[in-house]
Amino acid sequence: MTDGPIRAGVLGASGYGGAGLVERLVRHPGVTLAAIGSRAYLGKPLAASWPHLAGLRSDLRFQDSDDVIAASDVVFCATPHGATAPLVAQALAAGKRVVDLSADFRLSAAAYEEWYGHPHPHPELLPEARYGLVELHRHELPGARIVASPGCNATAASLAVAPLAAAGLLGEVAIANVLTGVSGAGRSPSGPMHFSEMAENARPYKPAGTHRHTAEIEAVGGRVRAALARGDAKRLLTHAPFQPVLVAFTPHIVPMNRGIIATVATRPLDWGDRAPTTETVLGLVTDYYAGDPLVDVGPELPQTKAVAGSDRASLSAHVDGRTGQVLVFCAIDNLGKGAAGQAVQGFNVAFGFAETTALSLTGAWP
Ligand SMILES: NC(=O)c1ccc[n+]([C@@H]2O[C@H](COP(=O)([O-])OP(=O)(O)OC[C@H]3O[C@@H](n4cnc5c(N)ncnc54)[C@H](OP(=O)(O)O)[C@@H]3O)[C@@H](O)[C@H]2O)c1
């Protein structure tokens with residue numbers, strides 16, 4: 001634990017991820033929320049952007065990114081990919097540490113170029129990054145200068161893929177179908193997210209092979225296999241070599257404010273002498289996440305409402321004895337375990353705080 005409160009700054013504090021960070025960091029006992037950043041709300045108070053946070057810290061006013069970085073020991077970046085890497089470089093050059101919610105430090109330089117279509121703007125900084133899927137990277141986060149928090153869809157699908165990879169149950173390909181709420185697209189308005197086009201509507205987008213989160217999910221499965229070969233399928237290494245698994249990932253946008261539910265289905269090539277039952281797979285998933293405070297596994301099928309407003313993930317499993325398909329389900333709040341909650345979870349481990357400090361263990365029901 002560091003002496004005295006850590007000064008935290010939030011870039012992109014006028015966005016959805018930023019609001020979730022502000023909520024959590026304000027109640028963190030080891031943190032002083034020192035500064036919040038926005039260009040559109042520059043000089044305005046927190047409540048100008050966030051009516052639900054009125055009265056929380058009436059002294060806080062939005063500042064530009066230079067001032068936020070200068071005022072902080074740790075900079076949380078809840079800013080768009082592409083725009084974030086230069087901010088991370090600036091923060092590191094000033095001796096700060098970073099928790100990045102964007103995609104800029106989640107992939108290797110080669111994978112980044114493949115999926116984002118251009119070379120990484122700061123490849124020299126990539127070795128500083130640790131992938132912030134805490135359940136699987138906990139051991140390599142302490143002291144990290146960049147925690148690269150995973151994507152929201154990637155979090156839900158990866159938490160479902162990982163125990164299958166660890167148990168040797170992934171077939172040639174895993175199908176990951178994900179339903180995701182509208183806030184996953186951020187706060188900026190766009191035509192297809194307009195209420196009149198989104199309400200009472202559901203549609204796939206960026207189908208299998210085209211969504212960039214595919215690279216993260218495939219990397220997690222590959223890293224689990226590599227970790228298993230090293231002797232512990234829960235000690236993943238961000239920078240060790242691995243062979244990605246094959247995942248056909250298709251997100252579907254549905255008319256919810258928040259929430260993600262992932263269904264990962266695969267047909268194992270070889271069950272060995274294990275019986276292909278729901279109980280068997282549930283047991284494997286339960287064992288894999290034993291001791292993880294933010295992951296629940298049980299026989300009840302997960303639902304987004306049960307985790308809305310929380311920082312937990314809810315998983316279950318099912319075996320279709322007729323087709324031989326194994327299914328693992330995972331529900332998260334995209335703004336909780338999928339964004340701000342996971343980022344603060346990663347910060348907690350990186351800075352030596354108890355993992356669930358300032359996080360929400362319960363959702364809002366109904
Ligand atoms: N929404 C989710 O479920 C989710 C989950 C996981 C990760 N993420 C990632 O987290 C990041 C933030 O997502 P979000 O949903 O919070 O987006 P958002 O609601 O659109 O907010 C983006 C924020 O970034 C600021 N910003 C935009 N362009 C900028 C630039 N060039 N330089 C500095 N600041 C800039 C915006 O404020 P100003 O325009 O006022 O500066 C705003 O505060 C993204 O990288 C996203 O991919 C989002």
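**Strands, domains and a buried serine in a predicted model**

Modeller: In this predicted model, strand β1 (residues 6-11) and strand β2 pair in the parallel sense over 5 bridges.

Biologist: What makes β1 and β2 count as paired?

Modeller: Two strands pair if at least two bridges are found between them, and β1 and β2 have 5 bridges, so they meet the definition of a pair.

Biologist: What is on record for β2 and strand β3 (residues 62-63), and why are they called a pair?

Modeller: Strands β2 and β3 run parallel and are joined by 2 bridges, and because the definition asks for at least two, they count as paired. In this pairing glycine 37 stands opposite glutamine 63 in β3.

Biologist: How do you know that β3 and β6 are edge strands?

Modeller: The open sheet has 7 strands in the order β3-β2-β1-β4-β5-β7-β6, with parallel pairing. Strands β3 and β6 (129-131) are its edge strands, since each pairs on one side only. Within the sheet, strand β5 (residues 97-100) and strand β7 (residues 146-148) pair over 3 bridges, with valine 99 standing opposite valine 147 in β7.

Biologist: Why is serine 314 called buried?

Modeller: Serine 314, which is found in strand β13 (residues 313-320), has a relative accessibility of 15%, and buried means under 20%, so serine 314 counts as buried. Leaving aside neighbours within four places in sequence, the residues in contact with serine 314 include Asp296, Pro302 and Phe329.

Biologist: What makes arginine 138 and aspartate 292 a salt bridge?

Modeller: The closest N and O atoms of arginine 138 and aspartate 292 are 2.6 Å apart, and because a salt bridge requires such a nitrogen and a carboxyl oxygen within 4 Å, the pair qualifies.

Biologist: How many salt bridges are counted between domain 1 and domain 2, and how much area do these domains bury between them?

Modeller: The count between domain 1 (6-150 + 338-351) and domain 2 (152-334) is 3 salt bridges. The two domains bury about 2700 Å² between them, with 54% of it on carbon and sulfur atoms, and 29 residues of domain 1 are in contact with 36 residues of domain 2.

Terms used: Residues numbered from 1 in each chain as written. Predicted model: local features only at pLDDT ≥ 70, side-chain atom pairs only at ≥ 80, totals over all residues. Heavy atoms only, no water. Helix = DSSP H or I, 4+ residues; strand = E, 2+ residues; numbered from the N terminus. Domains from an automatic or database assignment. Contact = heavy atoms within 4.5 Å. Buried area = accessible area lost by both parts, 1.4 Å probe. Salt bridge = Lys/Arg side-chain N within 4 Å of Asp/Glu carboxyl O. Buried < 20%, exposed > 50% of the residue type's maximum accessible area, 1.4 Å probe, protein only.
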